[in-house]
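Biologist: I have a structure open and would like to learn how to read it. Could you take me through some of its features?

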Amino acid sequence: MDDQNKNLILATALSFIVILVWFVLFPPPEPDAPLEDSLTEQADGSESIAIPAAPESSSPAPLATQPETTAPTLENAPRVSIETPRLTGSVSLVGGRIDDLKLKDYRTTLETDATIVTMLSPQGTNDAYYALQGWAAGTGIEPTSVPGPGTEWSLSAGNTLAVDDPITLTWDNGNGQIFKRTIAVDSNYMFSLTQSVANNGRDAVTLAPYGMVVQHTTPDDLENFFILHEGAVGMADEELAETDWDEISEAEMDAKWGRQAIVKEDVQSGWIGFTDHFWQAILIPPAGQTFDQALTYDPRTDVYRAVTRMPTQTIEAGETFDITTQLFAGAKEWAMLREYEQAGVPKFIDSIDWGWFFFLTKHIFCLLHELNKLIGNMGWAIIGLTLIIKAILFPLAYKSYVSMAKMKELQPQMEKLKKEAGDDRQKMQQGMMELYKREKVNPAAGCLPILLQIPIFFSLYKVIFVTIELRHAPFFGPFQDLSAPDPTSLMNFFGLLPFEGPEPGSIIALIFIGILPLLLGISMWLQQKLNPAPTDPTQQMIFAWMPWVFMFMLGSFASGLVVYWIANNTITFTQQYLIMRSQGYSPDVFGNIKGSFTRKSKSDSDG
């Protein structure tokens, strides 16, 4: 291995180590604790929701402030059950809110008695998270005459919300307006909500329909990991915005919305909501409907809201107006999101956090998804993906290894130049460049495959970490979750001894690594043995320790990523060995292995 390539590999490895150490020593800050009075905004324990009605052409509409019901009322509220093949829960008739939702297909852990995942929770519970719809009052109607979060609706049609079996809620304000809300759900996680108002009064009224997703305090299960976005996600006219929780809580006060807010007005198409690692709740206004997006925060109650507000509508006496919006509340499954996108939800796949290298990450996951469908095992799909990536990069790898073989042939001439130049570095560099030019050798040819693999590695890491398809995805034997670290451990000899290994994530687990990190270290070490050890003692020591340092560092990474790295090292070793032999150079792998132990024994005896 020539000095140029050794230095490049060394620089890449050290940079990777520095990045990892930085995020270990300086992790993202923990979310701020709620204010002391965060649970008591008003004396009666109620909360106010401010939704400004959209301005009409003649004059701005007033601010509508509606009191939200107190928690005890919500606890005793009548409910309508939700039962679909993938969902279970209920709709509260107080506010007509969807606030009790669980995902039948997903469990919290791999344990047989694990509970199913809770998606939405009612106000008054820990980590309350729910969806609301309503109307902001404009002219001709009082705020108390429109249904709000505390309004108790009547069930007028349907008994249980199910696929192809919607329910209808009705509320009469006693002043001539009758409000209805029809809720339907498909076989996955998409709700359709049709709000209507019949104006049986004498005068026209103006109203603005809205929807919101509400999160009380920051979620308890935040992961706070630098590679993962948690918070708000929105699409506005094909522009994606990912907003962290602290960005919302630190937003400036907006007089129109009556609280801290991040607002986008006159959006032509898009959606907005809250997302975490695997789940999201997203509001989707109707296609072709202009609307305003807002992310609001109230420090007095520590409540976050994602809001969509449609334009003010004037409903003349005797007229009826209705509007249908959608709510997605469930798992971020790629294939399902793609179907919704094809059905008209703009760029819905982008609600998954694809990261900086999205142009690679999307395609890598698409290929991995198809391989998994074909093979039926995500672990083998990752190995198949590695083979395809290495095949695509093979022409570059071939040129790289050929260049390295030629550089080895020039080694005697390079040593001669070093002796002639002595301490004159400029003369040495000039001589080297002339040598490269004369022999038609490009010393940088070996760099390109390594540089190309860096974004591919991080893209695959992103795919394995953020996509729900890897969550609890089995490989074989003890490897039943490729998104989690290797569950085996040296402590119990990889499960052969009759006692449990260390707790995952503990210091002991980092020391007593599993079998996959061990195979990773061995594969890196063998790859090094294709070339003689560097003559420089410092480089020799660094390269000797590098495989084992990486072994322990990557031991806590997702096992799916370690599988990729092992497969990549194995294929690289095979490619490099065969190409070197084709160029007339036969790597003495066993001799280099024996030589490393001989040098170690000699140094020990000298010491």
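Biologist: What should I know before reading any values?

Modeller: This is a predicted model, in which local features need pLDDT of at least 70 and side-chain atom pairs count only at pLDDT 80 or more, while totals for chains, interfaces and linings use all residues. Residues are numbered from 1 along each chain as its sequence is written, and side-chain values use heavy atoms, with hydrogens and water left out.

Biologist: How many helices and strands does the chain have?

Modeller: Helices (H or I, at least four residues) and strands (E, at least two) are DSSP runs, numbered from the N terminus. By that rule the chain has 15 helices and 22 strands. Contact means heavy atoms within 4.5 Å. Among contacts in the chain with a separation of 6 or more, 66% are between residues 24 or more positions apart.

Biologist: What percentage of the residues is buried?

Modeller: Buried means under 20% relative accessible area, exposed over 50%, and partly exposed in between (1.4 Å probe, protein chains only). Of the 607 residues in the chain, 50% are buried.

Biologist: How many residues of strand β12 are buried?

Modeller: In β12 (residues 205-216), 12 of the 12 residues are buried, so the strand is largely enclosed by the rest of the structure. Both of its faces are covered: one side includes Val205 and Leu207, and the other includes Thr206 and Ala208.

Biologist: Which strands pair with β12?

Modeller: Strands of a sheet pair through backbone hydrogen bonds, either parallel or antiparallel. Here, two strands pair if DSSP finds at least two bridges between them. Strand β7 (residues 129-137) pairs with β12 in the antiparallel sense over 9 bridges, with Ala131 opposite Val213. Strand β20 (residues 303-309) is joined to β12 by 7 bridges, also antiparallel, and there Val213 has Ala306 as its bridge partner. Strand β21 (residues 313-315) runs antiparallel to β12 with 3 bridges, including the one between Leu207 and Gln313.

Biologist: In what order do the 9 strands of the open sheet come?

Modeller: The order is β8-β9-β10-β11-β22-β18-β17-β13-β14, with antiparallel pairing. At the edges stand β8 (154-157) and β14 (239-244), each with a single partner strand, so one side of each is left without a neighbour in the sheet. From one strand to the next, the twist averages 20°. Within this sheet, β10 (residues 177-185) and β11 (residues 190-199) pair over 9 bridges, and Gln177 has Asn199 as its bridge partner.

Biologist: Which helix lies across β11, β18 and β22?

Modeller: That is α4 (residues 334-342), which runs at about 160° to β22. Axes are lines fitted to C-alpha atoms, for helices over the stretch in contact, and angles run from 0 to 180 degrees between N-to-C directions.

Biologist: Which faces of strand β3 are covered and uncovered?

Modeller: In β3 (residues 79-83), Val80 and Ile82 form the covered face, and Arg79, Ser81 and Glu83 the uncovered one. Strand β4 (residues 87-92) runs antiparallel to β3 over 5 bridges, and the two form a hairpin with 3 residues between them. Arg79 has Ser92 in β4 as its bridge partner.

Biologist: How are two packed helices described?

Modeller: By the angle between their axes and the distance between the axes. Helices α6 (residues 378-392) and α14 (residues 559-582) pack at about 40°, with axes 9 Å apart. Residues of α6 including Gly379 and Ile382 meet residues of α14 including Gly560 and Val563.

Biologist: At what angle do α5 and α6 cross?

Modeller: The axes of α5 (residues 358-375) and α6 cross at roughly 125° and come within 8 Å. These two helices are therefore oblique to each other. Among the residues that meet are Ile364 and Leu367 in α5 and Met378 and Trp380 in α6.

Biologist: Where is Ser586?

Modeller: Ser586 is in the loop between α14 and α15 (589-606). Its relative accessible area is 47%, which makes Ser586 partly exposed. Ser586 and Leu530 are 56 residues apart in sequence and 9.0 Å apart in space, C-alpha to C-alpha.

Terms used: Angles under 35 degrees count as roughly parallel, over 145 as roughly antiparallel, 65 to 115 as roughly perpendicular and the rest as oblique.
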